[in-house]
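I opened the notebook to go through this model from one end of my list to the other. The entries follow the order in which I looked things up.

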Amino acid sequence: MIFDLHCHSTVSDGKLTPKELLERAVDKGVDVLALTDHDTTDGIPLVQKEIDDNELAIKLISGVEISTCWENKDIHIVGLNFDRNHPAMKEYLANQSIIREERAQEIGRRVEKTKLIDNVYQGAKAIAGEGQIGRGHIARFMIEQGMVKDNAQAFKKYLARGKVGYVPSPWPDMKSAIDVIHQAGGQAILAHPMGYKLSGKWLRKLTIAFKGAGGDGLEAAGCQLAPPHRQHLAALAQEYDLLGSSGSDFHFPSSWIELGRSLYFAKGVTPIWSLWPDYEHVS
Ligand code: AMP
Ligand code: MN
Ligand code: MN
Ligand code: MN
């Protein structure tokens with residue numbers, strides 16, 4: 001069975017609508033899907049409705065990717081299998097939305113200092129529409145205005161940590177995100193541990209801090225992970241008694257990242273779904 005427990009729709013910075021994302025997941029053979037938009041769960045009922053209306057066999061698990069700050073770095077925590085209507089979760093995500101709006105405005109002001117484009121926040125906001133705004137929308141506005149040629153260049157030149165448009169991480173700490181996921185009955189997963197470009201020593205430090213804050217698992221399978229990285233993550237998971245999750249972090253169709261692709265664990269990982277009654281014995 002294929003568990004893709006990390007992906008994005010137009011409800012945050014993905015390019016497919018929840019409906020299109022679901023259709024693609026079905027097409028790619030995903031059996032269990034979690035939609036994990038940045039700091040919002042608004043897409044989940046839309047996906048579930050499509051599943052119900054069409055009597056599809058794919059299963060949807062509630063998901064969210066929460067932005068947190070650790071050691072001045074943006075660290076992402078994926079919440080899985082929680083009650084999206086839990087009041088503490090709703091309140092937490094409402095606050096994340098406010099931080100996102102304020103941060104996007106501040107990024108806009110910083111990017112405008114280059115004198116290359118104006119009305120950055122307004123332009124990005126129009127692209128985000130009803131969705132949760134993020135740096136991906138600012139990057140798209142920069143492309144639209146001819147300031148950069150693609151998303152990678154927008155981040156590399158302007159939006160990544162240390163660049164002119166970067167706002168120091170405004171997010172709450174990891175523990176608050178892990179706590180609210182637990183309060184809502186779910187599990188907290190350290191998202192894409194290899195994505196932070198940390199040294200081995202710092203990755204271990206992060207894993208220890210995450211476990212110490214009550215974290216349940218780490219993403220040990222992603223579609224672009226090389227086998228040695230999978231082995232490294234499997235070893236960390238075993239050493240710190242963490243479960244494993246798998247997810248593509250799909251945002252849009254490309255040659256590199258695909259829903260459901262290559263989501264296998266290295267040996268020794270106990271999947272997060274071993275905690276979920278329906279999937280206890282599945283791998
Ligand atoms: P935000 O949540 O607004 O901080 O934006 C984070 C998102 O930006 C990630 O989920 C990716 O979609 C994208 N992103 C972050 N870093 C890069 C990068 N170096 N190149 C391309 N996209 C990136
Ligand atoms: Mn994203
Ligand atoms: Mn992320
Ligand atoms: Mn993601």
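I took helices (H or I, at least four residues) and strands (E, at least two) as DSSP runs, numbered from the N terminus. The model is predicted, so I kept to its limits: local features need pLDDT of at least 70, side-chain atom pairs count only at pLDDT 80 or more, and totals for chains, interfaces and linings use all residues. Residues are numbered from 1 along each chain as its sequence is written, chains are lettered from A and ligands numbered from 1 in the order in which they are written, and side-chain values use heavy atoms, with hydrogens and water left out.

**Entry: Ser 67**

I found Ser 67 in strand 4. Is Ser 67 buried or exposed? It is buried, because its relative accessible area is 1%; buried means under 20%, exposed over 50%, and partly exposed in between, with a 1.4 Å probe and protein chains only. I then looked for polar contacts, which are pairs of N or O atoms within 3.5 Å; within protein, one must be able to donate a hydrogen and the other to accept it, and residues adjacent in sequence count only if both atoms are side-chain atoms. The side chain of Ser 67 has such a contact with that of Asp 39 at 2.8 Å, and another with that of Arg 100 at 3.1 Å.

**Entry: manganese ion (ligand 4)**

For donors I counted N, O and S atoms within 2.8 Å of the metal (3.2 Å for Na, K and Ca); water is not among the atoms, so sites may look incomplete. His 6 (NE2), His 8 (NE2), Glu 65 (OE) and Asp 249 (OD) coordinate the manganese ion (ligand 4) at 2.1 to 2.2 Å. Glu 65 in strand 4 (residues 63-70) and Asp 249 in the segment after strand 8 are 184 residues apart, and this pair links distant parts of the chain. I noted both Glu 65 and Asp 249 as buried.

**Entry: manganese ion (ligand 2)**

The manganese ion (ligand 2) lies 4.7 Å from the manganese ion (ligand 4) and 5.6 Å from the manganese ion (ligand 3).

**Entry: ligand 1**

I took as surrounding residues those with a heavy atom within 4 Å of the molecule. Around ligand 1 I listed Asp 13, His 38, Arg 100, Arg 103, Gly 134, Arg 135, Asn 151, Phe 155 and His 251. Helix 3 (87-112) and helix 6 (151-159) each give at least two residues to this shell. An N or O atom in the side chain of Arg 103 is 2.3 Å from an oxygen atom of ligand 1. For the side chain of Asp 13, the corresponding distance to an oxygen atom of ligand 1 is 3.2 Å. A nitrogen atom of ligand 1 is 3.3 Å from a polar side-chain atom of Asn 151.

**Entry: phi angles**

Most residues other than glycine have a negative phi. Asn 72, not a glycine, has a positive phi of about 65 degrees. Asn 72 sits in the loop between strand 4 and strand 5 (73-80) and is exposed, with a relative accessible area of 58%. Asn 81, also not a glycine, has a positive phi of about 60 degrees. I placed Asn 81 in the loop between strand 5 and helix 3; Asn 81 is partly exposed, at 30% relative accessible area.
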